[in-house]
Amino acid sequence: MMAFQLKIIIGSTRPGRVGPAVAHWVKQVADQHDGFEVELVDLADLALPLLDEPGHPMMRKYEHEHSKKWSRIVSTADAFVFVTPEYDYFPPASLVNAIQYLAFEWFEKPAAVVSYGGVSGGLRSAQVLRSLLGNLHVVTLTPTLPLPFVQQMIDDKGTFTPTDEAVQGANAMFNQLQRWTGGLKNMREHIVA
């Protein structure tokens with residue numbers, strides 16, 4: 001069986017962010033799972049301006065190269081994992097902007113959310129993000145993977161060391177994501193055919 005294309009998206013673009021450390025760990029877990037071919041996507045590298053396309057994203061007539069590149073990345077995905085902090089009980093504006101750049105490219109694909117922060121582990125951010133993705137016909141897994149007190153899991157070299165519970169949660173997340181990815185990909189292929 002061919003591996004599904006999984007994009008792990010780092011949602012924060014702030015200097016000093018811990019998102020890349022968390023996302024690299026998520027990628028390691030995904031790489032060990034036999035169901036996915038994994039690509040790490042950092043929104044900081046894409047540097048998407050604030051919604052600068054004149055046409056509605058449903059038209060898919062992008063004028064700017066950054067939009068075309070982002071569209072290609074999302075279009076080739078079978079599934080997503082969003083790695084997001086919580087800013088003021090909300091996902092970062094960089095992530096919301098990136099999601100709203102596109103429309104059709106997201107349709108009927110599954111997504112999981114790994115959130116991080118303080119005592120709540122970013123759960124409020126994850127809930128808002130799941131709602132936004134649902135509006136774009138993304139099927140988000142109901143359980144999210146929150147990482148509370150994330151700063152305590154990062155050493156002075158910037159390496160993320162998860163708790164045993166986080167590792168168990170990540171493995172369960174990828175098992176569930178693989179099931180949804182197969183089902184939704186099969187459905188998309190039969191609709192197109």
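This report describes the overall fold of a predicted single-chain model and then a selection of its residues.

## Overall fold

The chain contains 6 helices and 6 strands, and these elements follow one another along the sequence in the pattern β-α-β-α-α-β-α-β-α-β-β-α. The C-alpha trace spans about 45 × 40 × 25 Å along its principal axes. Of the contacts with a separation of 6 or more, 79% are accounted for by residues 24 or more positions apart.

Buried residues make up 48% of the 193 residues, while the chain exposes about 9,700 Å², of which carbon and sulfur atoms supply 55%. For the charged groups, the mean position of the 16 positive charges and that of the 20 negative charges are 4 Å apart.

Leaving out residues up to four places away in sequence, serine 12 touches Arg17, Asp42, Pro85, Tyr87, Pro92, Ser94 and Tyr116.

Arginine 14 is located in the loop between β1 and α1 as well, but at 48% relative accessibility arginine 14 counts as partly exposed. The C-alpha atom of arginine 14 is separated by 23 Å from that of lysine 68, a residue 54 positions apart from it along the chain.

Serine 94, one of the residues that serine 12 touches, has its place in helix α4 and is partly exposed, with a relative accessible area of 22%. The side chain of serine 94 reaches the backbone oxygen of glycine 11 at 2.6 Å. Apart from neighbours within four places in sequence, serine 94 is in contact with Gly11, Ser12, Thr13 and Leu43. Between serine 94 and isoleucine 10, which are 84 residues apart in sequence, the C-alpha to C-alpha distance is 9.8 Å.

Valine 83 is part of strand β3 (residues 79–85) and counts as buried at 0% relative accessibility. Although valine 83 and isoleucine 10 are 73 residues apart along the chain, their C-alpha atoms are separated by 5.1 Å. When residues up to four places away in sequence are not counted, valine 83 touches Ile8, Ile9, Ile10, Gly11, Gly19, Val22, Ala23, Val26, Val114 and Tyr116.

Serine 125 lies in helix α5 (residues 123–135) and is likewise buried, with a relative accessible area of 0%. With residues up to four places away again set aside, serine 125 touches Thr84, Pro85, Glu86, Tyr89, Phe90 and Pro91.

## Positive phi angles

Most residues other than glycine have a negative phi. Against that background, arginine 60 has a positive phi of about 55 degrees although it is not a glycine, and aspartate 88, which is not a glycine either, also has a positive phi of about 55 degrees. Arginine 60 is placed in the loop between α2 (43–46) and α3 (65–75), whereas aspartate 88 occurs in the loop between β3 and α4 (93–100). The relative accessibility of arginine 60 is 39%, which means that this residue counts as partly exposed; aspartate 88, by contrast, is exposed, with a relative accessible area of 77%.

## Accessibility of the selected residues

The table collects the relative accessibility of the residues discussed above.

| Residue | Relative accessibility | Class |
|---|---|---|
| Valine 83 | 0% | buried |
| Serine 125 | 0% | buried |
| Serine 94 | 22% | partly exposed |
| Arginine 60 | 39% | partly exposed |
| Arginine 14 | 48% | partly exposed |
| Aspartate 88 | 77% | exposed |

Technical notes: Residues numbered from 1 in each chain as written. Predicted model: local features only at pLDDT ≥ 70, side-chain atom pairs only at ≥ 80, totals over all residues. Heavy atoms only, no water. Helix = DSSP H or I, 4+ residues; strand = E, 2+ residues; numbered from the N terminus. Buried < 20%, exposed > 50% of the residue type's maximum accessible area, 1.4 Å probe, protein only. Contact = heavy atoms within 4.5 Å. Areas by Shrake-Rupley, 256 points an atom, 1.4 Å probe, with all protein chains shown as cover. Lys, Arg positive; Asp, Glu negative; His and termini not counted. Charge placed at Lys NZ, Arg CZ, Asp CG, Glu CD. Polar contact = N/O pair within 3.5 Å; in protein donor to acceptor, adjacent residues only side chain to side chain.
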